[in-house]
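Work through the exercises below with the sequence and the model in view. Try each task before reading its solution.

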Amino acid sequence: MQIKKHTVAAIQYTLKDDSGEVIDSSSGGEPLTYVHGVGGLIPGLEAELDGKRAGDALKVRIAPAQGYGERDENLVARVPRSQMPSGAPLEVGMQFQARGPEGAQVVTLVRLEDDAVWLDANHPLAGMHLNFEVSVVSVRAAAPEEIEHGHVHGEGGHHH
Ligand code: ZN
């Protein structure tokens with residue numbers, strides 16, 4: 001069976017940045033399963049996987065626009081320390097859940113000042129070229145419920 005809209009594909013993947021550093025990988029763990037064609041993966045990777053079959057392997061480089069988007073410097077903001085949650089000491093690289101105009105989003109602390117911090121709401125992989133090595137483990141038709149929910153149920157997927 002080929003990967004097409006409303007199939008469930010299981011893939012093993014390794015993601016590297018342009019310097020060759022591994023950013024993320026499924027190796028050593030369960031493959032990633034997703035419902036194809038419902039926005040479960042970044043657009044560039046879905047496009048490359050379309051039509052592939054179990055056993056196929058591919059190596060692709062995806063531009064930011066087809067990945068996590070370009071960086072938007074307007075999403076970097078200076079926030080007084082008094083507005084930050086108290087508790088753990090603040091460090092560069094920490095991530096927080098914040099309420100944005102489009103709901104919950106993750107922001108990263110990118111700079112510390114004496115009385116303020118700088119928070120970046122860009123996706124950590126925004127603006128980056130993504131180098132994927134992917135192998136397709138399995139392909140099956142999605143169940144109607146999975147299509148409706150936009151995620152995989154059962155083994156290796158989401159339970160509820
Ligand atoms: Zn569900």
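The model is predicted, so local features need pLDDT of at least 70 and side-chain atom pairs count only at pLDDT 80 or more, while totals for chains, interfaces and linings use all residues. Residues are numbered from 1 along each chain as its sequence is written, and side-chain values use heavy atoms, with hydrogens and water left out.

**Exercise 1.** Locate His 36 and decide whether it counts as buried or exposed.

Solution. Step one: find the loop between strand E3 (32–35) and helix H1 (43–49), where His 36 lies. Helices (H or I, at least four residues) and strands (E, at least two) are DSSP runs, numbered from the N terminus. Step two: His 36 counts as buried because its relative accessibility is 3%. Buried means under 20% relative accessible area, exposed over 50%, and partly exposed in between (1.4 Å probe, protein chains only). Step three: beyond neighbours within four places in sequence, the contacts of His 36 include Ile 3, Glu 46 and Leu 49. Contact means heavy atoms within 4.5 Å.

**Exercise 2.** Describe the largest nonpolar core.

Solution. A nonpolar core is a set of buried Ala, Val, Leu, Ile, Met, Phe, Trp, Tyr and Cys residues joined through side-chain atoms within 4.5 Å. The largest has 19 residues, and Ile 3, Leu 45 and Phe 132 are among those with the most contacts inside it. Strand E1 (7–16), H1, strand E4 (57–62) and strand E9 (130–141) each supply at least two residues of this core. E9 gives the largest share, five residues. A second, separate core of nine residues includes Met 84 and Leu 119.

**Exercise 3.** Which two domains divide the chain, and how far apart are their C-alpha centres?

Solution. Domain 1 covers 7–68 + 126–149 and domain 2 covers 73–120; the bounds come from an automatic or database domain assignment. Their C-alpha centres lie 30 Å apart.

**Exercise 4.** Classify the residues that line the largest pocket.

Solution. The lining includes Tyr 13, Asp 24, Gly 40 and Phe 132. A pocket is an open set of points on a 1 Å grid over the protein atoms alone, where a 1.4 Å probe fits, with protein on both sides within 12 Å along at least five of seven lines; lining residues have an atom within 4 Å of a point. The lining residues divide into ten nonpolar, one polar and one charged. Here Ala, Val, Leu, Ile, Met, Phe, Trp, Tyr, Cys and Pro count as nonpolar, Asp, Glu, Lys and Arg as charged, and the others, Gly among them, as polar.
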